[in-house]
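Here's a quick briefing to read with the model open beside you. Have a look at the fold before going on.

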Amino acid sequence: MHADDADFATAPTTTDADLALIPDRLADEPSVVAAMRAAGFVPGKQPGSWLGYGGIVVDLMAPEALCGRGGQRSARLQPPHQDKITARKTFGLEAAVVDNEVRTIRALDPGDPRSFEIKVAGPAALLVSKVIKIAERRDQPHRLKPKDGLDVLRLLRADDSGRLAYSLHPLASDPLSAAVTKQALDELRTLATRPEDLLPRLAADAETGFGDPDEIKMSMVVLVGDLLNEFGLVNVG
């Protein structure tokens with residue numbers, strides 16, 4: 001929705017859908033579990049993972065800061081949504097609650113007329129969630145996906161550094177998203193300010209056989225440097 005192909009050979013595709021739930025805004029009926037089952041989904045192997053036709057996965061998640069205490073992975077939701085399989089709490093989605101806009105989501109098949117008005121996380125919120133996700137997995141190489149690194153670069157290339165930095169400032173000051181946003185910015189300094197840091201390497205690996213790896217790495221480093229510099233220069237007063 002925000003980055004398109006960003007001049008990369010690797011197509012901007014995904015095999016699952018991620019939906020963030022805001023616990024105190026859920027309607028009383030139907031329960032999320034009942035709605036998912038009625039739509040043909042069955043529970044996956046972990047909380048919040050739902051399998052649809054053809055093995056397509058929909059992940060239902062809730063921002064950790066809104067889930068209260070207790071529980072390791074299951075999101076604590078109010079009745080009638082409190083089933084442990086409903087959703088999983090996830091750190092990094094807090095910014096999406098603050099930074100989002102309603103967009104029209106259409107079917108990929110041009111012959112399918114369906115469309116829905118859905119709140120979509122903004123570029124700044126997506127950047128925060130992607131960086132947090134990668135940072136959490138840095139010590140688990142088997143869980144790292146080159147595509148996630150390339151997605152970060154797509155977002156950086158698709159938006160002007162100044163506008164992106166300006167969008168990050170409200171997230172860094174909002175009580176709900178401040179902690180996660182500041183952590184994401186700190187992680188960018190650690191993970192993407194040198195060509196051989198994790199984020200540049202992941203992005204380059206995703207384009208293996210298509211693009212110049214050194215050029216991709218330097219693009220990440222330069223754009224992250226520009227963003228961090230712009231963030232420090234933005235006057236929000």
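What covers the buried residues of helix 8? The cover includes helix 3 (123-136), helix 4 (146-158), helix 5 (161-173), helix 6 (178-191) and helix 7 (198-206). Keep in mind that this is a predicted model: local features need pLDDT of at least 70, side-chain atom pairs count only at pLDDT 80 or more, and totals for chains, interfaces and linings use all residues. Residues are numbered from 1 along each chain as its sequence is written, and side-chain values use heavy atoms, with hydrogens and water left out.

**Overall picture**

- The protein has 8 helices and 7 strands; helices (H or I, at least four residues) and strands (E, at least two) are DSSP runs, numbered from the N terminus.
- With a radius of gyration of 18 Å, close to the 18 Å that the globule rule gives for 237 residues, the protein is as compact as a globular protein of that length. That radius is taken over C-alpha atoms, and the globule rule is 2.2 Å times the number of residues to the power 0.38.
- The C-alpha trace spans about 50 × 45 × 35 Å along its principal axes.
- Of the 237 residues, 43% count as buried; buried means under 20% relative accessible area, exposed over 50%, and partly exposed in between (1.4 Å probe, protein chains only).
- Among contacts with a separation of 6 or more, residues 24 or more positions apart account for 65%. Contact here means heavy atoms within 4.5 Å.

**Helix 8 and its residues**

- Helix 8 (residues 213-233) has 21 residues and reaches 30 Å from its first C-alpha to its last, close to the 30 Å expected at 1.5 Å a residue. The expected span is 1.5 Å times one less than the number of residues.
- Its buried residues are Ile216, Lys217, Ser219, Met220, Val221, Leu223, Val224, Leu227, Leu228 and Phe231.
- An α-helix has 3.6 residues a turn, so residues three or four places apart point the same way.
- Ser219 sits in helix 8 and is buried, with a relative accessible area of 16%. Leaving aside neighbours within four places in sequence, Ser219 is in contact with Leu153 and Arg157.
- Is Glu215 buried or exposed? Glu215, also in helix 8, is exposed, with a relative accessible area of 55%.

**Helices 7, 3 and 4**

- Helix 7 is mostly covered, with 7 of its 9 residues buried: Leu198, Leu199, Pro200, Leu202, Ala203, Ala204 and Ala206. These pack against helix 3, helix 4, helix 6 and helix 8.
- Val128 belongs to helix 3 and counts as buried at 2% relative accessibility.
- Val128 and Ser177 are 49 residues apart in sequence and 9.6 Å apart in space, C-alpha to C-alpha. For Val128 and Glu215, 87 residues apart along the chain, the C-alpha atoms are separated by 24 Å.
- Asp148 is in helix 4 and is buried, with a relative accessible area of 5%. Beyond residues up to four places away in sequence, Asp148 touches Lys130, Lys133 and Ile134.

**Loops and cis peptides**

- A cis peptide bond joins Glu29 and Pro30, with omega about -10°. Pro30 lies in the loop between strand 1 (16-20) and helix 1 (32-38).
- Another cis peptide bond joins Pro79 and Pro80, with omega about 5°; Pro80 is in the loop between strand 4 (57-63) and strand 5 (88-90).
- Leu66 lies in the loop between strand 4 and strand 5 and counts as partly exposed at 31% relative accessibility. Leu66 touches Ile22, Pro23, Val97 and Leu176, not counting residues up to four places away in sequence.
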